[in-house]
Every structure is written in structure tokens, then in C-alpha cells.
Amino acid sequence: MSRADLHTHTTASDGTGTPEENVRLAAEAGLKAVAITDHDTVGGIEEALEAGQRYGVQVVPGVEISTVRHGKDIHVLGYWLRHQDPQLLQRLAELREVRDRRNDMILQRLAELGISVTMQDVLDSLKTVKKQDETIGRPHIAEALVRKGYVSSMQEAFDRYLASGAAAYVNPPRIDPATGIAWILEAGGVPVLAHPGLYGQDELIGELAAVGLVGVEAFHSDHSPEQERHYEQLAARHGLLVTAGSDYHGSRNGVVFHAPIGARTVDVRVVQQLYECRGVQE
Ligand code: AMP
Ligand code: ZN
Ligand code: FE
Ligand code: FE
């Protein structure tokens with residue numbers, strides 16, 4: 001059994017484990033490989049690569065790019081990209097600017113609803129001090145809502161305020177998924193569509209296959225077994241690789257957010273297949 005979890009978040013974005021901790025947990029779970037896929041940043045990769053050497057776990061450098069199509073958040077995973085590529089870093093910095101504006105808009109919407117959570121409150125909830133290339137996301141805002149007593153759980157924070165369509169949800173214009181794919185390809189990476197079951201836009205898979213998509217994350221902790229089978233078949237129909245990820249985000253107030261590392265895995269042969277699909281552009 002040589003397995004890989006290809007979707008985890010660290011303190012570089014909205015996970016609660018440091019990159020080193022994620023790698024250690026992967027080793028403890030008996031995994032051969034783990035990917036670091038933080039939202040709109042590659043800031044956790046170097047630490048994870050180092051930890052991978054120490055723990056004997058293969059670390060797959062990755063990213064999860066935020067895009068929008070028909071008003072819905074679509075996440076594109078990128079693997080094996082040149083994570084120090086200046087153009088990639090510049091592009092991710094642009095995505096983080098949109099994200100920061102979006103976060104301010106959410107806080108403003110909350111204020112209009114009589115809920116007083118400031119960016120300082122959000123930052124105060126964090127265990128680590130955010131570096132410039134690390135991202136703040138809705139889970140951090142949810143955590144501040146819990147800490148300030150406006151809701152009693154992360155899930156309630158999302159259901160009432162932060163989920164798509166909820167009271168304080170805002171989604172400013174962002175790049176579309178095809179652009180996210182192009183950026184990953186231009187950084188020599190391998191684009192994979194994250195958790196397609198959350199979008200209700202299955203036609204997306206064929207469309208993106210035509211612009212360089214390589215894989216589909218059929219196995220994800222938010223998918224039902226039926227969805228997993230469905231996307232496995234859809235991927236096969238379009239000649240795409242099938243990947244799996246827990247989307248581990250650490251734990252908050254003792255509750256694992258999403259699923260533990262190793263909850264969804266693929267054979268490490270898929271890691272090799274992804275590697276062989278790397279772009280050749282330098
Ligand atoms: P952001 O990138 O700031 O928009 O935040 C995205 C993250 O919020 C995702 O990775 C999930 O962890 C979390 N999230 C989004 N929607 C929900 C939801 N409906 N319920 C729970 N968590 C969610
Ligand atoms: Zn997240
Ligand atoms: Fe995602
Ligand atoms: Fe994710």
C-alpha cells in the first residue's frame with residue numbers, strides 16, 4: 001500500500017498545521033506522498049520539502065488557485081509547478097490582493113448585519129503571525145465569529161454567513177478556471193480540477209480538458225460515494241487522471257475541519273503520472 005493524499009492546507013493559508021506538521025501527520029498515517037496545496041500561495045512549500053526529507057515522505061509542491069465561473073468559486077489545483085517562478089509569484093500576489101479586498105467586503109457586510117468583527121479580530125484568532133505571502137480566508141473569519149460568540153461552530157458560521165449565498169457572502173470578479181489552468185501550465189505545473197462535486201457544473205470538465213486540464217479530484221472528503229464514482233467515470237470519459245485528497249485544514253476547537261490527512265488517497269503511481277505530465281516550458 002503506497003498511498004498519496006494530494007490536497008492539504010497549512011498555516012500558509014487556512015490550515016491550522018504548519019507545513020512541517022502536515023508532513024509529519026502524513027508520515028504517521030503511513031503515506032508515501034503528500035501534496036501541499038494552499039489557497040493562492042506557495043508559501044508553505046519550502047518548509048514542507050525540507051520536512052519531507054526528514055520524515056521520508058515525498059512532498060508534492062502544489063497550489064489551489066481561486067477562480068470563478070458563473071458566480072461560483074471553482075478551485076484549480078496545480079502540482080509540480082516551479083514554485084519560485086517570478087511570473088507565478090506575481091500572479092499569485094494578484095490573486096491575494098483580490099482575496100484581501102473580498103475579505104474586507106465580507107467584514108463590511110457582517111458590520112451591516114450588526115456583527116462586529118474586524119480584521120484585527122481575525123488576525124488575533126490565528127496562532128501564527130501571517131507573512132506577506134500567506135493568505136487569510138473565510139475559515140479565519142469563521143473562527144473569529146466563533147471566538148466572539150456570534151456563532152457556536154465553524155459550520156454555523158458558514159451556514160449563516162459565509163457559505164455561497166449566505167448573508168455575508170460576497171464574491172468579487174476573479175480569473176476564470178481556464179486562466180488558472182494557463183497560469184499553472186506556464187509555471188510548468190499540472191492542473192487538476194478540485195472537488196468538482198461542489199460546483200454543479202459538470203460541463204466544465206470537458207471544457208477544461210480542451211484547455212489543458214490533466215486530472216479531476218474525484219475522491220474528496222466532501223464528495224458522496226456516488227459522486228466519487230460519477231467523477232471517476234467522467235474523468236475516464238475525457239481521458240483525465242483521477243486524483244484524491246482529504247482537503248485537510250487542521251482542527252479548530254478540537255474539531256477537524258474537512259477531514260484528517262489520509263482520508264482520501266490515491267496510489268503513488270498517480271503522483272508519478274502527474275509528474276510526467278509537467279509542462280516543458282521554461
Ligand atoms: P476562501 O478561499 O477564503 O473563499 O475560503 C475557502 C475555504 O472555506 C474552503 O477551502 C473551505 O475550507 C471553506 N468553505 C467554503 N465553503 C464552505 C462551506 N459551505 N462549509 C464549510 N466550509 C466551507
Ligand atoms: Zn480552505
Ligand atoms: Fe477548495
Ligand atoms: Fe482546499
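**Ground rules.** I am working with a predicted model, where local features need pLDDT of at least 70, side-chain atom pairs count only at pLDDT 80 or more, and totals for chains, interfaces and linings use all residues. Residues are numbered from 1 along each chain as its sequence is written, chains are lettered from A and ligands numbered from 1 in the order written, and side-chain values use heavy atoms, with hydrogens and water left out.

**Entry 1: ligand 1.** I looked up the neighbours of ligand 1 and found 13 residues around it. A residue counts as near if one of its heavy atoms lies within 4 Å. The closest are H39, R99, R102, R138 and H258. I sorted the shell into 4 nonpolar, 5 polar and 4 charged residues. Here Ala, Val, Leu, Ile, Met, Phe, Trp, Tyr, Cys and Pro are nonpolar, Asp, Glu, Lys and Arg are charged, and the others, Gly among them, are polar.

Next I checked pairs of N or O atoms (polar contacts, within 3.5 Å). The side chain of H258 has an N or O atom 2.7 Å from an oxygen of ligand 1. For H39 the distance to a ligand oxygen is 3.1 Å. For Q155 I read 3.4 Å, this time to a ligand nitrogen. Taken alone, ligand 1 exposes 500 Å², and the protein buries 83% of that (Shrake-Rupley method, 1.4 Å probe). Helices are DSSP runs of H or I, at least four residues; strands are runs of E, at least two.

Entry 2: D14 and H249 both sit in loops, 235 residues apart.

**Entry 3: the iron ion.** Ligand 3 is coordinated by E64 (OE), H75 (ND1) and H195 (NE2), at 2.1 to 2.2 Å. E64 lies in β3 (58–69) and H75 in β4 (72–79), so this pair ties together parts 11 residues apart in sequence. The iron and zinc ions are 5.7 Å apart.

How values were computed
Polar contact = N/O pair within 3.5 Å; in protein donor to acceptor, adjacent residues only side chain to side chain. Donors = N, O, S within 2.8 Å, 3.2 Å for Na, K, Ca; no water.
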